[in-house]
Amino acid sequence: MKVKSLDELKKIREESLEKVNLREKGDVKGDKVEILVGMSTCGISSGARETLTEFIEEIDKSKINNIKVVPVGCIGYCHSEPTVQVNIPGQKPILYGNVKKDKVHEIFEKHLQNGEVVENMVLDIDFERA
Amino acid sequence: MSKTRTNIMVCGGTGCLASDSEKVAKNLELIIKARGYEEEAKVIQTGCFGFCEQGPIVKIEPDNVFYVRVGPKDAKDIVDEHIVKGRKVERLLYKEPHHNKKIGKQEDMEFYKKQLRIALRNCGLINPEDIYEYIALGGYEALGKALTQMSRDEVVKEVKESGLRGRGGGGFPTGVKWEITKSQESEVKFIICNADEGDPGAFMDRSILEGDPHSVIEAMAIGGYAIGADKGIVYIRAEYPLAISRLKTAIKQSRELGLLGKNIFDSDFSFDIDIKFGAGAFVCGEETALINSCEGKRGEPDFKPPFPAQEGYWGHPTNVNNVETFANIPPIITKGSEWFSSIGTEKSKGTKVFALAGKINNVGLVEVPMGTTLREIIFDIGGGIQGGKKFKAVQTGGPSGGVITEEYLDTPIDYDSLLSIGSMMGSGGMIVMDETDNMVNIAKFYLEFTMDEACGKCAAGRIGTKRLYEILNKITSGKATMADLDALKQLSYMVKGSSLCGLCQTAPNPIISTMKHFWDEYLAFIKDVDHSQGEGEYDGAKNKDNLMLKA
Ligand SMILES: Cc1cc2nc3c(=O)[nH]c(=O)nc-3n(C[C@H](O)[C@H](O)[C@H](O)COP(=O)(O)O)c2cc1C
């Protein structure tokens with residue numbers, strides 16, 4: 001399908017908005033949970049791919065079906081790769097740093113299953129987006 | 001509203017609501033009423049402040065005081081102390097985690113940060129392989145707006161008025177470049193995206209292409225429309241395989257939606273993009289060498305003029321812009337030049353992405369408004385020097401730039417201020433050195449790089465960089481005399497003045513700036529100076545070379 005006008009583009013935007021609404025604000029309803037994994041060269045070379053796979057396996061094992069894992073670009077926190085952001089509706093997105101494969105289980109169990117933020121791994125999001 | 005002096009903003013975001021902000025608001029209202037202040041103070045429920053972990057948040061305007069973790073019981077104190085008596089309620093102020101300092105004003109909180117992300121706006125937020133996520137955040141609206149509501153001149157004018165300057169290093173005004181290319185009489189024109197990114201230690205362009213490739217594609221189409229080109233080329237180093245694969249995916253997806261291809265947005269504008277691979281030579285980032293490389297020739301620069309805008313790819317007018325430059329274009333078109341030019345300094349608008357590397361705690365990418373000081377970048381955002389060591393210098397502009405010392409750390413950085421302190425913006429590499437780094441070795445490191453990367457076309461560059469490197473090597477191995485320092489300095493200026501392209505014209509900069517700021521460290525290596533290595537004063541009277549060097 002081709003986009004033929006600005007209105008058509010805006011319609012696609014409306015339809016797609018749901019995909020990303022959760023990310024910026026956390027201020028949405030529903031029960032869809034997202035795990036964003038930074039998958040740029042730097043993240044991947046620090047083990048982001050293994051981290052992502054591990055999350056998928058944890059989700060499979062737990063049989064929870066409202067969690068989506070999304071590969072995204074990098075936010076520039078090379079000092080703390082791999083980075084993972086957990087977005088739960090109604091809550092501020094939480095960014096974790098240095099999430100190697102072996103840290104996945106803890107985040108999954110504490111944060112995603114029991115709603116407890118794993119404080120010692122949290123990173124500040126220290127920028128605004130235009 | 002007329003009498004209202006104070007607005008009490010209570011966060012009504014989901015997070016704060018969940019922690020009782022509604023009750024806080026209700027209590028505030030009740031107490032205000034009880035004290036008879038309902039005319040003067042108004043309670044307003046707002047959207048999320050984005051600081052949910054400290055919620056509920058209450059902000060008092062116009063005082064701009066920010067209270068955190070406010071419970072329903074705190075309402076009384078806020079009204080009695082702040083509203084009635086005009087005193088801040090200390091215990092409810094936000095405490096900065098590091099220094100335990102209490103902070104009242106929103107701008108002062110480290111959380112409301114110094115970073116503003118325009119070029120990196122979507123990086124880490126969207127799936128770069130899903131065009132719909134880009135569209136969901138307003139993607140391709142700038143292209144739609146340009147094609148359906150703006151003339152080509154209006155697009156050029158908007159970019160010109162935004163004050164955007166090239167992020168690839170030169171800092172040439174982008175709108176002016178577009179205007180020049182547009183004004184060329186030619187049936188065929190090209191727009192090229194320079195994704196060579198040869199500056200060692202810089203990776204902002206890679207990050208943009210990996211995290212948000214559509215922003216570059218959209219901008220190239222806008223640029224193509226503005227200058228009258230129906231063909232774009234991304235010149236990218238083959239060493240960036242992930243960026244290449246995401247770019248390819250993105251191009252394919254935009255073709256599927258007709259955002260590239262024939263008659264985009266049903267206009268008479270058609271545009272498509274090709275990818276050309278470079279082998280990763282620094283000189284191929286220079287625009288004329290880049291164009292030669294695209295044509296399948298040796299990656300060597302040509303004399304300018306003619307500029308690519310006049311005679312570029314296969315002799316046709318060609319507009320070359322950097323990745324980050326392009327990434328700024330869509331927000332400029334959608335939000336307007338006025339918004340963009342409100343950010344930054346008088347002559348450098350917008351933001352700049354820097355790649356922080358070296359002896360700094362938070363190695364990584366930052367994007368800050370122009371005019372931010374080096375100190376803010378290195379110490380506040382970058383977290384200071386590793387291992388608690390002392391800061392010595394920072395190199396900006398990569399191998400083409402120079403070192404900046406402590407005394408200049410409070411310079412608000414932009415293109416012009418960096419030049420005035422002997423360095424340059426370059427593409428945004430920022431390498432931090434601590435007290436243990438030897439500056440002569442730093443200069444040698446850069447010269448080794450430029451010597452290897454010099455293409456060999458001009459003698460000054462080919463032979464000059466080699467001789468410079470040899471002298472530096474002689475110095476660091478302790479065999480040099482004062483005469484060598486003199487030769488080093490003279491040759492530096494010679495290479496600078498007589499090389500063909502920017503690569504070797506700037507290659508001596510690391511030497512010149514380290515000699516200027518760290519003369520002692522050069523002397524420490526010299527065998528005919530009368531002091532032991534690394535300390536002592538240089539006695540000028542003993543050595544006649546000194547007079548020449550000072551000159
Ligand atoms: C030696 C040398 C290397 C360069 N490398 C790059 C590079 O890697 N990326 C880039 O965008 N510009 C590079 N440039 C600058 C380009 O020649 C050109 O000015 C730039 O791509 C124009 O885009 P802009 O106006 O958007 O900055 C380099 C210049 C020189 C002299």
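## Terms and ground rules

A crossing of two helices is called left-handed if the near helix is turned anticlockwise from the far one by less than a right angle, and right-handed if it is turned clockwise. Helices (H or I, at least four residues) and strands (E, at least two) are DSSP runs, numbered from the N terminus.

This is a predicted model, in which local features need pLDDT of at least 70 and side-chain atom pairs count only at pLDDT 80 or more, while totals for chains, interfaces and linings use all residues. Residues are numbered from 1 along each chain as its sequence is written, chains are lettered from A and ligands numbered from 1 in the order in which they are written, and side-chain values use heavy atoms, with hydrogens and water left out.

## Helices α2 and α3 of chain B

Let us start with the crossing of α2(B) and α3(B), which is right-handed. Helix α2 of chain B spans residues 21-34, and its axis comes within 8 Å of the axis of α3(B), crossing at roughly 40°. Axes here are lines fitted to C-alpha atoms, for helices over the stretch in contact, and angles run from 0 to 180 degrees between N-to-C directions. The angle makes α2(B) oblique to α3(B); angles under 35 degrees count as roughly parallel, over 145 as roughly antiparallel, 65 to 115 as roughly perpendicular and the rest as oblique.

Which residues of α2(B) meet α3(B)? They are V24(B), N27(B), L28(B), I31(B) and I32(B), and they meet A75(B), K76(B), I78(B) and V79(B) in α3(B). Contact means heavy atoms within 4.5 Å. By class, this contact of α2(B) with α3(B) has 7 nonpolar residues, 1 polar and 1 charged. In this scheme Ala, Val, Leu, Ile, Met, Phe, Trp, Tyr, Cys and Pro are nonpolar, Asp, Glu, Lys and Arg are charged, and the others, Gly among them, are polar.

In chain A, helix α3 (residues 48-62) and helix α4 (residues 104-114) have axes that come within 10 Å and cross at roughly 50°. That makes α3(A) oblique to α4(A), and their crossing is right-handed. From α3(A), T51(A), E54(A), F55(A), E58(A), I59(A) and S62(A) take part, meeting V104(A), H105(A), I107(A), F108(A), L112(A) and Q113(A) of α4(A). The contact of α3(A) with α4(A) holds 6 nonpolar, 4 polar and 2 charged residues.

Back in chain B, the axes of helix α5 (residues 141-149) and helix α12 (residues 323-335) come within 8 Å and cross at roughly 60°. That makes α5(B) oblique to α12(B), and α5(B) passes α12(B) in a left-handed crossing. Here E141(B), A142(B) and K145(B) of α5(B) touch P330(B), I333(B) and T334(B) of α12(B). The classes in the contact of α5(B) with α12(B) are 3 nonpolar, 1 polar and 2 charged.

## Salt bridges

How many salt bridges does the structure hold over all chains? There are 36, a salt bridge being a side-chain nitrogen of Lys or Arg within 4 Å of a carboxyl oxygen of Asp or Glu. One of them joins R91(B) and D77(B), at 2.6 Å from N to O. R91(B) sits in the loop between α3 (75-85) and β5 (94-95) of chain B and D77(B) in helix α3 of chain B, so the pair ties together parts that are 14 residues apart in sequence. R91(B) is partly exposed, with a relative accessible area of 47%, and D77(B) is also partly exposed, at 26%. The cut-offs are under 20% relative accessible area for buried, over 50% for exposed, and partly exposed in between (1.4 Å probe, protein chains only).

Another salt bridge links E376(B) and K114(B), at 3.2 Å from N to O. E376(B) belongs to helix α14 (residues 374-381) of chain B and K114(B) to the loop between β6 (102-103) and β7 (115-117) of chain B, so this pair ties together parts that are 262 residues apart in sequence.

## A residue touching both chains

Is R206(B) buried or exposed? R206(B) lies in helix α8 (residues 204-211) of chain B and counts as buried, at 15% relative accessibility. Not counting residues up to four places away in sequence, R206(B) touches T41(A), C42(A), E197(B), Y240(B) and A243(B).
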